[in-house]
Structures are given as C-alpha cells and as structure tokens.
Amino acid sequence: MRLPRQLALTQWPRVSRPAVSAARGLVALALLAAWFSAAWQAVQAQAGISVVEAPPPVFEFGQSVEFRLVARSAEPITRVELYWQTPEAPASRWPAVSFVRGREIEARASIDLANYPLPPFATIRYWWVLEAAAGGTLTTETAAFDYADNRFSWQRRTSGALTVHWYSGDEGFGQTALAAATHALPRINRDIRAPLPEHVDLYLYATEADAKAALQRVGRAWADGHADPKLGVIIVVVPADLRSDFVLQGKVPHEMTHVLLYRATGENFGSVPTWLNEGLAVMNQGQRDSQYPTLLANARDTRGFLSLAELCGALPAEAEPARLAYAQSDSVVRYVRGRFGSEGLHRLIRAYAGGASCDAGLQNSLGLSLAELQADWLREAIYGNEAGTWASTAPWLVIAGLVLMTPLLWLIALARRARGARAAPNNRMV
Ligand SMILES: [Zn+2]
C-alpha cells in the first residue's frame, strides 16, 4: 500500500542539509530548540485548541519512528492527522493516528520504516492537524528532525564540498576515502561539465548487513551502493581492510557520477536513460570490472543483449541481468565517447537535461535513433572487436602453430626411423 498524498499543499522551502560538523550540529540544535519554542507560542491561540506537549519523534533507524502529541481544547478534539514531507516528495498523511476523542488527548503515530522507508540522512518535516467538535482546526507549525543513522558513532572528515563519514577503520581510512573522492571529481566531470555540488556527504558502511537499513529504499537486494543525488548523499559498503583502497576507487566515482549528472540535469534527471546514467558511472570507476568482457562475450554468443530501448528504463531487478545491463551500458557509453568524443557525450547529456525523451535526446544530439546506435555499437564494438581480435591474434597463432609443429614433425621423423630400425635388426653392429 502506498501512502495517500495530500494534494495542493503549500510549497515548502528547500530544506538545507543537516549540519555536518560537531559545531554546526550544536548550532543547528540550538536553532531547532529556539524554533520549537517559537512554534510553541504560535500554536497556542488557534481555534481554542492548544498543544500541551509535542516532543521530537523518536526513531530506530530502519525500524520505526514514533510521534507523540498532547493537546487540549474547550470542545472535544475529534480528528488528529499527522503529515510529513521528505525533501524529494510531496507531503504525505499518515492514516493511522491513534487517540481517544476528548478535551485533552494524547495522539500517537508509529510509522513502520521497513515498509515506508525514509531517505537516510535527510531532514524530515512534519506537522499535525487537529479538529474540534465545533469545527475549529489547528495546524501546528512545521517541525523537523534529521533522519541520520544513529546506530553508529560516525567520524567525519571534510575537504571543500566533500565530507566523508565512517565508523569502522582509522583516520587513514577516512583520509583515503576523501582523497579518492576528491581526485575523482575532475575526471568524472570532464564529460558531464556540471556545476560542482554545494555538498556531497559520503557514508561508508563496513558491511552489507550494516547498510541494509540505509539501502532499503533502493529496493534491490544486490545493491551495495546508492546515491541520492538530490540530497547529495552517497552510501557505499567499503570494508576497512586491505582491499578498501581498490573498492573505494570503484564505488566512490560511480556514485559521484550520479550526483554530478543530477547537478547537470536538475529536475530532468529522470529523463537521463539508464544506459547513459549507469554507463557513465561504470566508465568513471577507477578500474573496469574484470568480468565484463566475459559477460559481453556470453551475451554476444547467446544473442542475449538487452535492447537499448529497455535500458532507457530502470535497471533489471534481478542481479544477473542487472550485471549485464551495467556491462552493456559501460560498453555503449565508451563506444559513444570513442566515436563522438567528450563533446558528443556532453551534447547528449545536455539534450536529456532539456527533458528530451530517450530516443529524441539521442536523435537531436548525435543524429542517431536508439536502434541505429544499438546496431552500430554491436557491429563496431562487439562483432568488430571479435574480428579485430582475430586479426590481431592471427599472426601469433601462426607462429605458435609453427613452434608446436616443429617438435611434432621431429617426433614423427624419429618414429619413422625407429620403425625402419626394427624392420632390419640384423643390420646393427654387435
Ligand atoms: Zn549506478
């Protein structure tokens, strides 16, 4: 069941990101307290209904969030509703607020975050609407809380717009992650050419189990990384072990590509086809996945490639087709870059930033339909590669054949000579 969404609510101002340093955290807390106090004063006089107590909600990350409100009124309070809003979606109303009608009520709402996950590390706004028997209503001022993963004690390190957060591993681990992100930024942006983000918060989880609650909104069991480009939040699983450097070089540039693409395309980010979005992200990884050539060769041999039209939409939900989708998208984007250059790739991104459809964006920027791009890519990058591979390896195969043939011919000659000797044993000197 999806939550009902209230229509035509006020357009709330853009929520600023939660403070990222201890000092900024304290300032934010102080401001929040002051704001609560002001809000408290403001709601006292509306419609004869007054709020007695409205503590900030208590949440268990990935599990549940509990809201509570105590109010009183001259007339019995007959309706209590709770609304909340994430930075990325219209306001929602929680349909199950429990309270007993009366002149003084205690309302409670418990949201099951496993079924209705909130965006991790986002600021969530909420407010109550109360109605009394005589028809008077009270809408409380909007309050807010930061939905941070409070199960861990996060360390953080910042450089410019980038902040790395981690809880496992030493200072050097955080420094390595920050360096990987900082160095990747100009390389990622060479084709995208986006204005740099105001902030990117990179959260490093030590295990997939730890990250599960943070990745539950992605809805794919195989995901071990995710970017929320609008929030500038990146979540990746990177164990703080000997391979961490290698893993960071792959996952961090991948997710940062999504953030930069969002910066380049804004509200039309949804128009960027998956083959371009994921293809760019995979191409920008520090190293190419060693299994991709095999995946592509298998798809070529079984004619199992996904169509580019399919890859305009979401990634396949299953892990295996999703892996092929990544490999194929990477290959297509490399092909486009090789044929049209960085400028062509940039033109393509600009077309989608303008809200073009999957096919029209390609047609308008590079003069190809999806079917034509797929056919050209198959011919030149996949089957052409096969011919190229044969052409480049053929001379070596001839040399290898000659090298192997020489001892073989020599063995055959020896065998023939031995047969000749057995045929005339008496010729031997004794
Ligand atoms: Zn991706």
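Me: Where is R193 found?
Reply: In this predicted model, R193 is found in the loop between α2 and β11.

Me: What is the phi of R193?
Reply: The phi of R193 is near 55°, which is a positive value in a residue other than glycine. Most residues other than glycine have a negative phi.

Me: Does R193 count as buried, exposed or partly exposed, and why?
Reply: R193 counts as partly exposed because it has 14 C-beta neighbours inside 10 Å. A residue needs 20 or more such neighbours to be buried and 12 or fewer to be exposed.

Me: What about F121, what is its phi?
Reply: The phi of F121 is near 65°, again a positive value in a residue other than glycine. F121 lies in the loop between β5 (102–112) and β6 (122–132).

Me: Is F121 buried or exposed?
Reply: F121 counts as buried, because it has 22 C-beta neighbours inside 10 Å.

Me: Changing topic: what is the secondary structure of the protein?
Reply: The protein has nine helices and 13 strands. Its chain holds 430 residues, and 30% of them are buried.

Me: Which strands form the open sheet, and in what order?
Reply: Five strands form the open sheet in the order β9-β10-β11-β13-β12, with mixed pairing. The edge strands are β9 and β12 (225–228), each of which pairs on one side only. Neighbouring strands of this sheet are turned by 15° against each other on average, direction ignored.

Me: In what sense do β9 and β10 pair?
Reply: Strand β9 (residues 155–159) and strand β10 (residues 162–166) pair in the antiparallel sense, over five bridges. Among the bridge partners are R156 with H165 and S159 with L162.

Me: How many residues lie between β9 and β10?
Reply: Two residues lie between these strands, which form a hairpin. In the turn, G160 has a positive phi of about 60°.

Me: And how do β10 and β11 pair?
Reply: β10 and β11 pair in the parallel sense, over five bridges. Within this pair, V164 stands opposite L202 in β11.

Me: What joins β11 to β13?
Reply: Five bridges join strand β11 (residues 200–205) to strand β13 (residues 233–237), and these two strands run parallel. L204 has V236 in β13 as its bridge partner.

Me: How many residues of β10 are buried?
Reply: Five of the five residues of β10 are buried, so this strand is largely enclosed by the rest of the structure.

Me: Which way do the residues of β10 point?
Reply: L162, V164 and W166 point one way from β10, while T163 and H165 point the other way. In a regular strand the side chains alternate between the two faces of the sheet.

Me: Which strands does α2 lie across?
Reply: Helix α2 (residues 171–192) lies across β9, β10 and β11, and runs at about 145° to β10.

Me: Next, the largest nonpolar core: how many residues does it have?
Reply: The largest nonpolar core has 67 residues, and those with the most contacts inside it are A177, A181, L202 and I234. Helix α7 gives the most to this core, with 12 residues. Apart from it lies another core, of 22 residues, among them I49, I77, I105 and L130.

Me: What does I234 touch?
Reply: Not counting residues up to four places away in sequence, I234 touches V200, L202, Y203, A227, E255, M256 and V259.

Me: How do the axes of α5 and α7 cross?
Reply: The axes of helix α5 (residues 274–283) and helix α7 (residues 319–353) come within 7 Å and cross at roughly 90°. The two helices are therefore roughly perpendicular to each other.

Me: Which residues make that contact?
Reply: On the α5 side they include W275, L276 and L280, and on the α7 side they include Y326, V333 and L348. The residues of the contact divide into 10 nonpolar, three polar and three charged.

Me: Last topic: where is S244 found?
Reply: S244 is found in helix α4 (residues 244–265). With 20 C-beta neighbours inside 10 Å, S244 counts as buried.

Me: What is S244 in contact with?
Reply: Leaving aside neighbours within four places in sequence, S244 is in contact with F173, T176, V238 and P239. The C-alpha atoms of S244 and G169 are separated by 10.0 Å, and these residues are 75 residues apart along the chain.

Technical notes
Residues are numbered from 1 along each chain as its sequence is written. This is a predicted model: local features need pLDDT of at least 70, side-chain atom pairs count only at pLDDT 80 or more; totals for chains, interfaces and linings use all residues. Two strands pair if DSSP finds at least two bridges between them. Helices (H or I, at least four residues) and strands (E, at least two) are DSSP runs, numbered from the N terminus. Axes are lines fitted to C-alpha atoms, for helices over the stretch in contact, and angles run from 0 to 180 degrees between N-to-C directions. Two residues are in contact if their C-beta atoms, placed from the backbone, lie within 7 Å. Angles under 35 degrees count as roughly parallel, over 145 as roughly antiparallel, 65 to 115 as roughly perpendicular and the rest as oblique. Ala, Val, Leu, Ile, Met, Phe, Trp, Tyr, Cys and Pro count as nonpolar, Asp, Glu, Lys and Arg as charged, and the others, Gly among them, as polar. A nonpolar core is a set of buried Ala, Val, Leu, Ile, Met, Phe, Trp, Tyr and Cys residues joined through C-beta atoms within 7 Å.
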